[in-house]
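This report describes a single protein chain.

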Amino acid sequence: MKKIISLLLVMITLVQVIIPVSATHVQGFSARYVNAEQATVTISISASGVATVRITCSGNSDVSSISTTTYIERKSGTSWQRVNIGTTTNTWTYNTTQSRVAKSYTAQLSSTGQYRTVVVFVVKGSTSETITKYASGSY
């Protein structure tokens with residue numbers, strides 16, 4: 001009887017461990033947001049080093065405003081350093097009282113390397129939600 005109970009406990013423990021791990025690998029899984037329906041960023045870099053960043057964010061019907069802060073970073077060793085994009089703070093900012101944002105920005109990169117763009121969306125509705133997205137490319 002002890003062997004049967006021990007075997008059942010082992011099986012229950014295995015099921016509790018295996019099921020959550022398997023659930024993290026389900027295809028089609030996407031992040032759930034409170035106010036946003038989607039938030040995306042892409043970066044493309046031309047052969048001449050012109051980076052084009054595109055951001056989009058769509059909010060649900062409760063959204064009263066969306067604010068964005070976008071910047072580009074270059075990998076230096078194991079860290080990321082913000083690059084000069086021609087603005088005072090080396091960021092692009094945008095604020096709207098609409099429930100959708102679609103913006104494009106361009107910057108001339110000064111040297112080759114691995115780059116990423118970072119965008120922070122603050123989507124306000126019934127609550128304030130902050131979403132950070134990354135996209136990377138090389139020049």
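In this predicted model, T89 lies in the loop that connects β4 (79–82) with β5. The side chain of T89 forms a polar contact with the side chain of T91, at 2.6 Å. Along the chain, T89 and Y71 are 18 residues apart, and 9.3 Å separates their C-alpha atoms.

**Overall architecture**

The chain contains one helix and eight strands. Read from the N terminus, the order of elements is α-β-β-β-β-β-β-β-β. Of the 139 residues in the chain, 32% are buried. The accessible surface amounts to about 9000 Å², and carbon and sulfur atoms contribute 54% of that area. Among the contacts in the chain with a separation of 6 or more, 62% are between residues 24 or more positions apart.

**Strand β2 and its partners**

Strand β2 spans residues 50–59 and is mostly covered, with eight of its 10 residues buried. Strand β1 (residues 36–45) runs antiparallel to β2 and is joined to β2 by nine bridges. Strand β6 (residues 100–108) is likewise antiparallel to β2, again through nine bridges. The two pairings are set out below.

| Pairing | Orientation | Bridges | Residues standing opposite |
|---|---|---|---|
| β1 (residues 36–45) with β2 | antiparallel | nine | S44 and T52 |
| β2 with β6 (residues 100–108) | antiparallel | nine | V50 and Q108 |

Four residues lie between the strands in the hairpin of β1 and β2, where G49 adopts a positive phi near 90°.

**The setting of T96**

T96 belongs to strand β5, which covers residues 92–96. Is T96 buried or exposed? The relative accessible area of T96 is 12%, and T96 is therefore classed as buried, the cut-off for that class being under 20%. Leaving aside residues up to four places away in sequence, T96 touches S64, S65, I66 and V101. Within its own stretch of the chain, the side chain of T96 reaches the backbone nitrogen of Q98 at a distance of 3.0 Å.

Note on methods
Residues numbered from 1 in each chain as written. Predicted model: local features only at pLDDT ≥ 70, side-chain atom pairs only at ≥ 80, totals over all residues. Heavy atoms only, no water. Helix = DSSP H or I, 4+ residues; strand = E, 2+ residues; numbered from the N terminus. Buried < 20%, exposed > 50% of the residue type's maximum accessible area, 1.4 Å probe, protein only. Contact = heavy atoms within 4.5 Å. Areas by Shrake-Rupley, 256 points an atom, 1.4 Å probe, with all protein chains shown as cover. Polar contact = N/O pair within 3.5 Å; in protein donor to acceptor, adjacent residues only side chain to side chain. Pairing = 2+ DSSP bridges.
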